[in-house]
Amino acid sequence: MSTEILSPMPGTIIEIQVKAGDEVVEGQELLVLEAMKMENPIVATADGKIKEINVKVDDKVATKQVMLVIE
């Protein structure tokens, strides 16, 4: 079963801390989204392996955009 990590708000990706294939645990910080001049850490909502990363640093994202997939 896959878990999609969605953007909670529009913003810009300023840091990605994982790569495809990495094992992650629930609560682990995956990336940082800058929105309204604040840095918002985005964390894993489940244990698993990073299946895909759909964003890169400096990408603009929309609310509910799929940024990562954990399997």
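Reader: Hi! Quick one to start: is Ile13 buried or exposed?
Author: Ile13 is buried, with a relative accessible area of 0%. Here buried means under 20% relative accessible area, exposed means over 50%, and partly exposed lies in between, using a 1.4 Å probe and protein chains only.

Reader: And what kind of model am I looking at?
Author: This is a predicted model, where local features need pLDDT of at least 70 and side-chain atom pairs count only at pLDDT 80 or more, while totals for chains, interfaces and linings use all residues. Residues are numbered from 1 along each chain as its sequence is written, and side-chain values use heavy atoms, with hydrogens and water left out.

Reader: Thanks! Where does Ile13 lie?
Author: Ile13 lies in strand 2. Strands are DSSP runs of E with at least two residues, helices are runs of H or I with at least four, and both are numbered from the N terminus.

Reader: Which residues does Ile13 touch?
Author: Leaving out residues up to four places away in sequence, Ile13 touches Leu31, Val32, Leu33, Val55, Lys56, Val57, Asp58, Asp59, Val61 and Met67. A contact means heavy atoms within 4.5 Å.

Reader: How many residues apart in sequence are Ile13 and Pro41?
Author: They are 28 residues apart in sequence, and their C-alpha atoms are 10 Å apart in space.

Reader: Let's move to the sheet. In what order do the four strands come?
Author: The order is 5-4-2-7, in an open sheet with antiparallel pairing. Two strands pair if DSSP finds at least two bridges between them. Strand 5 and strand 7 (60-61) stand at the edges with a single partner strand each, so one side of each has no neighbour in the sheet.

Reader: How many bridges join strand 2 to strand 4?
Author: Four bridges join strand 2 (residues 11-16) to strand 4, and the two run antiparallel. One of the pairings there puts Thr12 with Glu34 of strand 4. Strand 4 also pairs with strand 5 (residues 38-43) over six bridges, in the antiparallel sense, and there Ala35 stands opposite Met38.

Reader: And how many join strand 2 to strand 7?
Author: Two bridges, again antiparallel. Gly11 stands opposite Val61 of strand 7.

Reader: Back to Thr12: buried or exposed?
Author: Thr12 counts as buried, at 14% relative accessibility. Beyond its neighbours within four places in sequence, Thr12 is in contact with Val32, Leu33, Glu34, Asp58, Asp59 and Lys60.

Reader: Why is strand 4 largely enclosed by the rest of the structure?
Author: Five of the seven residues of strand 4 (residues 29-35) are buried, so the strand is largely enclosed.

Reader: What about the core: which residues have the most contacts inside the largest one?
Author: Leu30 and Met67 have the most contacts in the largest nonpolar core, which has 15 residues. The elements giving two or more residues to this core are strand 4 and strand 8. By nonpolar core I mean a set of buried Ala, Val, Leu, Ile, Met, Phe, Trp, Tyr and Cys residues joined through side-chain atoms within 4.5 Å. Not counting residues up to four places away in sequence, Met67 touches several residues, including Ile5, Leu6, Ile42 and Ile53.

Reader: Changing topic, how many salt bridges does a search of the whole structure find?
Author: Two. A salt bridge is a side-chain nitrogen of Lys or Arg within 4 Å of a carboxyl oxygen of Asp or Glu. In one, Lys19 meets Asp22 at 3.3 Å, N to O; Lys19 is exposed, with a relative accessible area of 55%. In another, Asp59 meets Lys56 at 3.3 Å, N to O. Asp59 is buried at 19%, whereas Lys56 counts as exposed at 54%.
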